[in-house]
Amino acid sequence: QVQLVESGGGSVQAGDSLRLSCAASGRPFSAYTASWFRQAAGKEREIVATITWSTGVTTYPDFVKGRFTISRDTAKNTVYLQMDSLKPEDTAVYYCAARRGVFSPYAYWGQGTQVTVSS
């Protein structure tokens, strides 16, 4: 079993930065893929960043490319999402999630952290 706990959300102005953290516990993370998702009010959940734990390879959708950076600290078993140049449309609840490998479903989810960006 893997437990994920997010932190770092808050309210900021457009153009500001925030860094979210996701602390993982319960199992070694070496065989996992970790991702950040977000869900805005009234909208479907969407993925914003993914990192393969063992290699550090990252992927992003176009709408956050160049603004968001996912990283991990293997010693701390923690995944980060650095968000720069935030826009009001980035307002959402952000979730950390993990799955074994790259083809299995995301079985582990954090509780979510609210990010609010005002103009």
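**Reading a disulfide and a buried arginine**

Author: Let's start here: the sulfur atoms of cysteine 22 and cysteine 96 are 2.1 Å apart, and the two form a disulfide. This is a predicted model, where local features need pLDDT of at least 70, side-chain atom pairs count only at pLDDT 80 or more, and totals for chains, interfaces and linings use all residues. Residues are numbered from 1 along each chain as its sequence is written, and side-chain values use heavy atoms, with hydrogens and water left out.

Reader: What is a disulfide, and how many come up by this rule?

Author: A disulfide is a covalent bond between the sulfur atoms of two cysteines. The rule asks for a pair of cysteine sulfur atoms within 2.5 Å. By this rule there is one disulfide. Cysteine 22 sits in strand 3 and cysteine 96 in strand 9, 74 residues apart, so the pair links distant parts of the chain (strands are DSSP runs of E, at least two residues, numbered from the N terminus).

Reader: Why is the disulfide called left-handed?

Author: Because the torsion about the S-S bond of cysteine 22 and cysteine 96 is about -75 degrees.

Reader: Is cysteine 22 buried or exposed?

Author: Buried means under 20% relative accessible area, exposed over 50%, and partly exposed in between (1.4 Å probe, protein chains only). Cysteine 22 has 1% relative accessibility, so it counts as buried; cysteine 96, at 2%, counts as buried too.

Reader: Which residues does arginine 99 touch?

Author: Contact means heavy atoms within 4.5 Å. Not counting residues up to four places away in sequence, arginine 99 touches Ala31, Tyr32, Thr33, Ser104, Pro105 and Tyr106. Arginine 99 is found in strand 9.

Notes:
Helix = DSSP H or I, 4+ residues; strand = E, 2+ residues; numbered from the N terminus.
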